[in-house]
Amino acid sequence: MAKSLQCVIVTPEKAILDETAEMIILPMIDGELGIQVGRSALVGRLGKGELRLNQNGTTKKLIIDGGFAQVRNNVVTVLTSKVLS
Amino acid sequence: MANLRQLVQRRKAVRNIRKITRTMELIATARFKKALDRASEAEAYTKKIAEIAADLTSAGGEVSHPLLEIRPVVKKSLILVIGSNRGLCGGYNGSIIRGAQNRIREFKAENHPFDLEISGRRPMAFFRYQGFTAAATYTQFEDKPAFSDVDTIAEKYIQMYVSGQIDRVEVAYMKFITAARQTPVVETLLPLASLTTTKKNDSAATKPVAAVEYEFIPSATEILNAIVPVAFKQRLFKCFLDAAVSEQIARRVAMKAATENAADLIKEISQQYNRARQAKITKEISELIAGAEALK
């Protein structure tokens, strides 16, 4: 079973998204960062920008307004105050 | 005769009121469930923030954020009272106001200057009557407080706190403990006592999983400092969410009591009505018989 990456996006109001993807591109404070399966644990600060989810050849785009990201055990958790899709 | 009609009318009126209170009870129940769902969804965010903060501190991040500093001399405080816009919710507003007023009395006894901010029309009316002038009032918070609204208020407090206009922020609201228990509290939000928004034993529970070696972008310290205002905003948001949930519970309980009371009243009036009707019939019959007797 090929492992996939799980992406969870939460805002203070509710959980926006909980999906799997092959690659997640996060807008970090100092530039974009791509995350694939098997990424080592990471905690980072996000800047304003576009978050991209690559799923089976399609790309899902979300605009996020800063926040934090945590990567652990192939789970990417994004904490942000606002999401525009 | 007049008495009979009066009773019928009263019974009709009480029935109508019961219908209304019953509907209000159902609406409050539905809103309470929604509000509770929102509060539990927000819980996920709070938990994550606390977890990351715990991870960062265990990784040796140093925090020196002005929001965390405890100032030796508190020159001015700000107290925010969160009540409801609408009434008919039993002792909800009353108990919050009582809590807030105790605090205000303490301030006055110490000659301590303070700013009063109020959310909700009910406490606004009360404090206006008491002769207090509120520095700011908010009425936009109903049963679904929006984070963006809370965000602007939190931003203002942070700015006021950092610039030294205020040295303490307190919030008086109804804390939601369980569906059957809410207590009015006055909580100090600024300075932030700790980053972990949940209780001590909760943060201890997240510790074992935190044994992972993290990579930090840009650095643990920097992320920690960025997380401080976010944690404060979340705390304030949680106050509003708790208040919304508690308000709906209070309204449901009050309306349930009103409905039950109306049912009792209807029963009582029906009894009176039947008795009066029976008395009237008896009187009429005896009059008839008396009349027939007289004709003999």
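Biologist: Are B:Tyr138 and B:Phe141 buried or exposed?

Modeller: The model is predicted. A residue counts as buried under 20% relative accessible area and as exposed over 50%. On that scale, B:Tyr138 and B:Phe141 are both buried.

Biologist: Why is the pair of B:Tyr138 and B:Phe141 called edge-to-face?

Modeller: Ring planes over 60 degrees apart count as edge-to-face. The ring centres of B:Tyr138 and B:Phe141 are 6.5 Å apart, and the pair is edge-to-face because the planes stand at 65°.

Biologist: Which residue joins B:Phe126 and B:Phe127 in one aromatic cluster?

Modeller: B:Phe126 and B:Phe127 form an edge-to-face pair, 5.2 Å centre to centre with 85° between the planes. B:Phe126 is partly exposed at 25% relative accessible area, while B:Phe127 is buried at 0%. The cluster that holds these two also includes B:Phe132.

Biologist: In what order do the 5 strands of the open sheet in chain B lie?

Modeller: The pairing in this sheet is mixed. The order is β3-β2-β1-β4-β5.

Biologist: What is the bridge partner of B:Phe176 in β5(B)?

Modeller: Strand β4 (residues 168-178) of chain B runs antiparallel to β5(B), and 9 bridges join them. In β5(B), B:Phe176 has as its bridge partner B:Gln182.

Biologist: Which strands of chain B does helix α4 touch?

Modeller: Helix α4 (residues 147-162) of chain B packs on the sheet, and its direction makes about 160° with that of β3(B). The strands of chain B that helix α4 touches are β1, β2, β3, β4 and β5.

Terms used. Residues are numbered from 1 along each chain as its sequence is written. Chains are lettered from A and ligands numbered from 1 in the order in which they are written. This is a predicted model: local features need pLDDT of at least 70, side-chain atom pairs count only at pLDDT 80 or more; totals for chains, interfaces and linings use all residues. Side-chain values use heavy atoms; hydrogens and water are left out. Rings of Phe, Tyr and Trp (its six-membered ring) pair if their centres lie within 6.5 Å; planes under 30 degrees apart count as stacked, over 60 as edge-to-face and the rest as tilted. Buried means under 20% relative accessible area, exposed over 50%, partly exposed in between (1.4 Å probe, protein chains only). Two strands pair if DSSP finds at least two bridges between them. Helices (H or I, at least four residues) and strands (E, at least two) are DSSP runs, numbered from the N terminus. Contact means heavy atoms within 4.5 Å. Axes are lines fitted to C-alpha atoms, for helices over the stretch in contact, and angles run from 0 to 180 degrees between N-to-C directions.
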